[in-house]
Amino acid sequence: MTSTPLPSPPGTWRPPLRLGLTLLQLAVMGTLGVAAITLLAVWLPASLALVVLLGLGLLMLVGLVYAIFALSWFETRRVTDLYELPVAELRWQPSQGPGFGQYLRSLGRNLSSGRMWAAFGSFALSVLLGAATLNVAQWTIESLVLSFAPLTGAEEVSGPFGWQLPASQAPLMLIITLVGCAALVGLAFLHRAITTAIIGSVARETDLSAGPTPAPPNGPGRCGPRNWNAPALNGTCMTGYSPG
């Protein structure tokens, strides 16, 4: 007598970890992401200071909104592709009619978009985690290299935190190496938990507030024009998932 496995409950899905790719992206976020955040931090006060100069500051503030949206779009796309989240792409809300007034209303709607700011917050947190990842990786590699100091014939070596210890005790640095490896894995798990919670939950709340989604016309595995990368059960797309 053969037993048939029970199907998974609909609406329950866990994103993959993808440890190596996550750490690689965190390393990039810890370098290029820091540069982007630094640029925005300089851009905002410079725009405010130039408001009185022929309105140049106003144009810079408008450009700042576009820059924040671009980073938010990038973060949403990065997280959804990395963890295969079943969420729709972040889109710019266009003007609903011609005229400068309609453009300002469109700009205001995008500026007040909770999903955009949530994605930007996820980007900023990922930058912090990326910077921490680079520091931990540096300490881990230095500890691994210093653990082989007795082979060089040196009498004393400098540890990753400025410690001075005899070369005979250098193999103890392998403990720090193991702790560093565990910390890197923990940072990857933390990144997945934070980003999927922010990107996924805010996108789902936005969909719920927008009303019911029409039935997907593209068959199983797709959610209409949104092209969600989520499995489907009986032609119904999965909108719920567990970030844990």
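1. Start with the charged side chains. Arg 77, Asp 81, Glu 89 and Arg 91 are joined in a network of salt bridges. Keep in mind that this is a predicted model. A search of the whole structure turns up five salt bridges.

2. Look at one link in that network. Arg 77 and Glu 89 meet through their side chains in a salt bridge, 3.2 Å from N to O. Arg 77 sits in helix α2 and Glu 89 in the loop between α2 and α3, so the pair ties together parts that are twelve residues apart in sequence. Arg 77 is partly exposed, at 37% relative accessibility. Glu 89 is partly exposed too, at 32%.

3. Glu 89 also forms a salt bridge with Arg 91. Here the closest N and O atoms are 4.0 Å apart. Arg 91 counts as exposed, with 59% relative accessibility.

4. Next, take Arg 18 and Glu 84. They form a salt bridge, and their closest N and O atoms are 2.5 Å apart. Arg 18 lies in the segment before α1, while Glu 84 is in the loop between α2 and α3, so this pair ties together parts 66 residues apart in sequence. Arg 18 is partly exposed, at 33%. Glu 84 is partly exposed, at 32%.

5. Now turn to helix α3, residues 100-111. It has twelve residues and reaches 16 Å from its first C-alpha to its last, close to the 16 Å expected.

6. Which residues of α3 are buried? They are Ser 106, Leu 107 and Asn 110. These three cover an arc of only 100° around the axis, so they lie on the same side of α3. The buried residues of α3 pack against α2 and α4.

Technical notes:
Residues numbered from 1 in each chain as written. Predicted model: local features only at pLDDT ≥ 70, side-chain atom pairs only at ≥ 80, totals over all residues. Heavy atoms only, no water. Helix = DSSP H or I, 4+ residues; strand = E, 2+ residues; numbered from the N terminus. Expected span 1.5 Å × (residues − 1). Buried < 20%, exposed > 50% of the residue type's maximum accessible area, 1.4 Å probe, protein only. Arc of directions from axis to C-beta. Contact = heavy atoms within 4.5 Å.
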